[in-house]
Amino acid sequence: MNDKIQYIDKTSKIPLMGVDFLGIIDRGTNVIELKPNTLCNLKCKYCFVSSGNYDTNFIVNSNYLIEKVLDIIRIKGDYNLEIHLSPYGEILLYRELENLLKKLSEIKGISIRSMQSNGLLLSKPVINKLKKSKLTRINISLNSLKEETDCYLCNCTQYDVDKLIKNIYTLMNSNIQVLIAPVWFPGENDKDIEEIIEFVLNVRNEGYSESQLQIGIQKYLIYKTGRTLKKIQPKSWDYFYLYLSRLEKKFKIKLKLGPSDFGIHKRKRVSTLDLQKNHIVKIEIVSRGRWENECIGKINDSLGIKVLLKKPLVFSDGLIGKVIEGKVIKANYKDNILTALFPHKL
Ligand code: SF4
């Protein structure tokens, strides 16, 4: 883990929307995704966002996030909303988690507060705090019940599976729903996935309900900026669903989960500028980014943009406050995420 930490609050003037790795993502549904931090306690070999060794890490002030969430709720409507905490890192390293969850639980219209975690930092006191802060569900990324396999995949020397299993029971007994979300690495953890399914079925046979313990197998995806398991070839989506169908038949369990299984539905989207790929846009640089070739730009008070610096340019403090012209290279309105390149050639 690196020491450089950038704290973002209202005074920092860094917009909370538009940048993929922090703030708020609106995918046009009733789920509002929050990314409050980038720190991680692991450096998984397959991490699609390369977390765990950023040059600079980010922490967003919880009150600043709440303020923006309230703005978004005014647009989406204050009913049946889910707030999902899904940082490019580990949420249990976010010191303001309790405050954030508590405040979210007091907001009208938010019925579900969920989060993603690798689960390794869970303990009875931590779970107790999560219970008091009214967390609804935790998605835990457990890829194997064998410590050796987890250590290999998560690039660590210790991975206490027994402790994690005990904590899963404590979570369920604390009225917090658990979703085990293993990634299937074809040829690497096939047997492990089946063992996790058997574990889920055994727990359900002990009397825990399907909503108390769910399983959502993830497809292994490769991203340009992520880390990859060299020897593993990801399969197509068709192949993945065929694999899930086979497992569903074999274990008589529902594994193909879609948005409706989580009550996710379309909802009004926070409006953004009609920026398109290749547009040239004026951007004020307001912060460094996670890497030396990345920084955060501001288009207006509520909309930010990730700016990639073209080699050999690297970030320096002298860039802060400068208004540059960047070329939009990604304008994903489905996710409200923007990326620009600077300098650019027309
Ligand atoms: S996969 Fe999750 S736990 Fe692993 S390094 Fe990435 S963010 Fe951290």
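Leu153 counts as buried in this predicted model, because 24 C-beta neighbours lie inside 10 Å of this residue, and the cut-off for burial is 20 or more. Leu153 belongs to helix α4. Leaving aside residues up to four places away in sequence, Leu153 touches Cys44, Lys45, Tyr46 and Asn143. Ser133 stands 20 residues from Leu153 along the chain, and the C-alpha atoms of the two are separated by 31 Å.

**Helix α6 and its two faces**

Helix α4 (147-154) also takes part in covering the buried residues of another helix, α6. Helix α6 comprises 16 residues, 190-205. At 1.5 Å a residue it should span 22 Å, and its end C-alpha atoms are 23 Å apart, which agrees.

Which residues of α6 are buried? They are Asp192, Ile193, Ile196, Ile197 and Val200. Seen down the axis of α6, these buried residues fall within an arc of 145°, so they line one face of the helix. An α-helix has 3.6 residues a turn, so residues three or four places apart point the same way. The face of α6 turned away from the buried side carries the exposed residues Lys191, Asn202 and Asn205.

The cover over the buried residues of α6 includes, besides α4, the strands β8 (177-180), β9 (183-184) and β10 (213-215), and helix α7 (237-251). Helix α6 lies across β8 and β10, and runs at about 155° to β10. After α6 comes Gly207, whose phi is positive, near 115°.

**The sheet beside the helix**

Strands β8 and β10 belong to an open sheet of seven strands, in the order β2-β3-β5-β6-β7-β8-β10, with mixed pairing. Its edge strands are β2 (23-26) and β10, each of which pairs on one side only. On average, neighbouring strands of this sheet are turned by 20° against each other, direction ignored. Ile138 has Val178, in β8, as its bridge partner.

**The chain as a whole**

The chain contains seven helices and 16 strands. Its radius of gyration is 20 Å, close to the 20 Å that the globule rule gives for 346 residues, so the chain is as compact as a globular protein of that length. Along its principal axes, the C-alpha trace spans about 60 × 45 × 35 Å. Of the 346 residues, 37% count as buried. Among contacts with a separation of 6 or more, 70% are made by residues 24 or more positions apart.

**Backbone details**

| Residue | Phi | C-beta neighbours inside 10 Å | Exposure |
|---|---|---|---|
| Asn278 | near 80° | 11 | exposed |

Ser50 lies in the loop between β3 (31-35) and β4 (57-60), whereas Asn278 is found in the loop between α7 and β12 (280-288).

Cis peptide bonds also occur in the model. One joins Lys311 and Pro312, with omega about 5°; Pro312 is placed in the loop between β14 (304-309) and β15 (323-332). Another runs from Phe342 to Pro343, with omega near -10°, and Pro343 is found in the segment after β16 (337-342).

Note on methods:
Residues are numbered from 1 along each chain as its sequence is written. This is a predicted model: local features need pLDDT of at least 70, side-chain atom pairs count only at pLDDT 80 or more; totals for chains, interfaces and linings use all residues. Helices (H or I, at least four residues) and strands (E, at least two) are DSSP runs, numbered from the N terminus. The expected span of a helix is 1.5 Å times one less than its number of residues. A residue is buried if 20 or more other C-beta atoms lie within 10 Å of its own, exposed if 12 or fewer, and partly exposed in between; C-beta atoms are placed from the backbone. The arc is that of the directions from the helix axis to the C-beta atoms. Two residues are in contact if their C-beta atoms, placed from the backbone, lie within 7 Å. Two strands pair if DSSP finds at least two bridges between them. Axes are lines fitted to C-alpha atoms, for helices over the stretch in contact, and angles run from 0 to 180 degrees between N-to-C directions. The radius of gyration is taken over C-alpha atoms; the globule rule is 2.2 Å times the number of residues to the power 0.38.
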